[in-house]
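Hi,

Here is the structure I promised to pass on.

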Amino acid sequence: MSKKATKQVMKDMNEKLILKQIYYSDGIDRASLAKKTNLSPASVTNLVSEMKSNGLVIEIGNAISTGGRRPILLDINPDYKYVIGIKIGYGYINFMLTDLIGTIKDVKQKIFENITTELVVSELKKQMKQWFQRYKRDFLGIGVAVSGVVDSINGTVINSYLLKWKNIKLSEILKKAFNKDVQILNDVDSFALAQLWFGRAKKYDNSVFLTLGVGIGGSVILNKRLLSSYGGVSEFGHMTIRENGNECNCGSRGCLEAEASFMELARTIAEKTKLETLKRDFNMMQETESSEIEFLERAKTSDKETFYQVFSQYSDLIGLVLKNIINIFKPEYLLIGGEAMEFSEYFYEKAIQYAKGNCFNGLSENLNFDKDAIGEDAWTLGCIYRVIENNILTSK
Ligand SMILES: [Zn+2]
């Protein structure tokens, strides 16, 4: 590397060191920045002045005096650029626009029967045009959350059986169309990163996330970093829990998702119930997220006994899965989210009690269980965070 190039790399590294401190503080002065980054006060002053003149960093007032002049506090300018996040799901695309600290400026959902990459590009083009006209802001980049096996390093969707996508170089396609940084994540990984950014998970180094509902997904954060590699890591939904069990969407049999998805819970209720109307409702039920939830809601009120019975079995199964997860990862924090949390009173506590009582040698002693508090937005917020992380907080 030439001397000039080395100098540029050093400068970028120092810049990112400073930005990280500024980003995670609620206002910090130059002297404290120098202390925390081990950079000389002169370099901090130089770098900060450059960041101020390009608009990324702003002065937000003065700190309380400790004798002498009150130091000026610096912060990230949240409106410097905006970030786009999209979640591509089964039959829909969710669009989200945030500022640099994750304040949601706009969300939009569009329903489609069949989602192709051409459709994603054309819809994103329309949406970006609207947003640019309304906010007059440049975009930092585009984060994408997709269900399935996603290689985030190369930006490829290796396999999404819900979208019927295989080896789609999504990052390349979007970069070509928009000339922006693009980050592609598995949707549960995006959900997990949102929890690390905004949720209680930020207090812990090692966390596990389990999302239950229409599908079942998982994600692991070790030492505050997403365990993702080239994709397909922590697919808890596809651990086998019954030999030769139900056929799964992934092609295998007896996966957790095939035994405990909403569809399967609905099917079991329909089999067990004596209510003809409920059986008929099941037969007419569409395979969509909202119709599955609606059916379970209806079963809860019309045939309580069967509903309780099925959810009691569900909690046993989830308890067993939690126990296995704890034995493998020994997390400090374990969060459960997804649509199933609408019915959490019928399984959550019982499942946790089972896991606590049965995991290996008191591994759950310092483990904090939690319910998702962010909700639907988490699925898109995480990939937005990844874009911010990649462009503002990590040196190249
Ligand atoms: Zn499977």
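Helix H13 (residues 378-393) lies across E3, E4, E6 and E10, and runs at about 135° to E6. Helices here (H or I, at least four residues) and strands (E, at least two) are DSSP runs, numbered from the N terminus. For angles, axes are lines fitted to C-alpha atoms, for helices over the stretch in contact, and the values go from 0 to 180 degrees between N-to-C directions. Helix H5 (residues 170-178) lies across E6 and E10, and its direction is at about 150° to E10.

Before going on, please keep in mind that this is a predicted model: local features need pLDDT of at least 70, side-chain atom pairs count only at pLDDT 80 or more, and totals for chains, interfaces and linings use all residues. Residues are numbered from 1 along each chain as its sequence is written.

Now the sheet under those helices. Five strands make up an open sheet, ordered E5-E4-E3-E6-E10, with mixed pairing. Strand E5 (104-111) and strand E10 (181-186) are at the edges with a single partner strand each, so one side of each has no neighbour in the sheet. From one strand to the next, the twist averages 15°. Two strands count as paired if DSSP finds at least two bridges between them.

Isoleucine 88 has its bridge partner in E4 at isoleucine 93. E3 and E4 form a hairpin with two residues between them, and glycine 91 in the turn has a positive phi of about 90°. Further along the sheet, E6 and E10 run parallel and are joined by six bridges; valine 144 has isoleucine 184 in E10 as its bridge partner.

There is another sheet too. Three strands form this open sheet in the order E7-E8-E9, with antiparallel pairing. Strand E7 (149-151) and strand E9 (165-168) are its edge strands, each pairing on one side only. Strand E8 (residues 156-160) is joined to E9 by three bridges, running antiparallel, and asparagine 159 stands opposite lysine 166 in E9.

On to a helix pair. Helix H8 (residues 262-272) packs with helix H10 (residues 289-302) at an angle of about 35°, their axes 10 Å apart. Phe262, Met263, Leu265, Ala266 and Ile269 of H8 make the contact with Glu292, Ile293, Phe295, Leu296 and Ala299 of H10. Contact means C-beta atoms, placed from the backbone, within 7 Å.

How is the chain divided overall? It falls into domain 1 (3-76), domain 2 (82-197 + 378-393) and domain 3 (203-373), with bounds that come from an automatic or database domain assignment. The centres of domain 1 and domain 3, taken over C-alpha atoms, are separated by 45 Å.

A few single residues are worth a look:

- Glutamate 59 lies in strand E1 (residues 57-62) and counts as partly exposed, with 14 C-beta neighbours inside 10 Å. Leaving aside residues up to four places away in sequence, glutamate 59 touches Ile72, Leu73 and Leu74.
- Serine 229 has a phi near 50°, a positive value in a residue other than glycine. Serine 229 sits in the loop between strand E13 (225-226) and helix H7 (256-260), and it counts as exposed, with 10 C-beta neighbours inside 10 Å.
- Asparagine 361 has a positive phi of about 35° although it is not a glycine. Asparagine 361 is in the loop between helix H12 (348-358) and strand E15 (368-371) and is exposed, with 7 other C-beta atoms within 10 Å.

Cheers

Definitions and conventions:
Two residues are in contact if their C-beta atoms, placed from the backbone, lie within 7 Å. A residue is buried if 20 or more other C-beta atoms lie within 10 Å of its own, exposed if 12 or fewer, and partly exposed in between; C-beta atoms are placed from the backbone.
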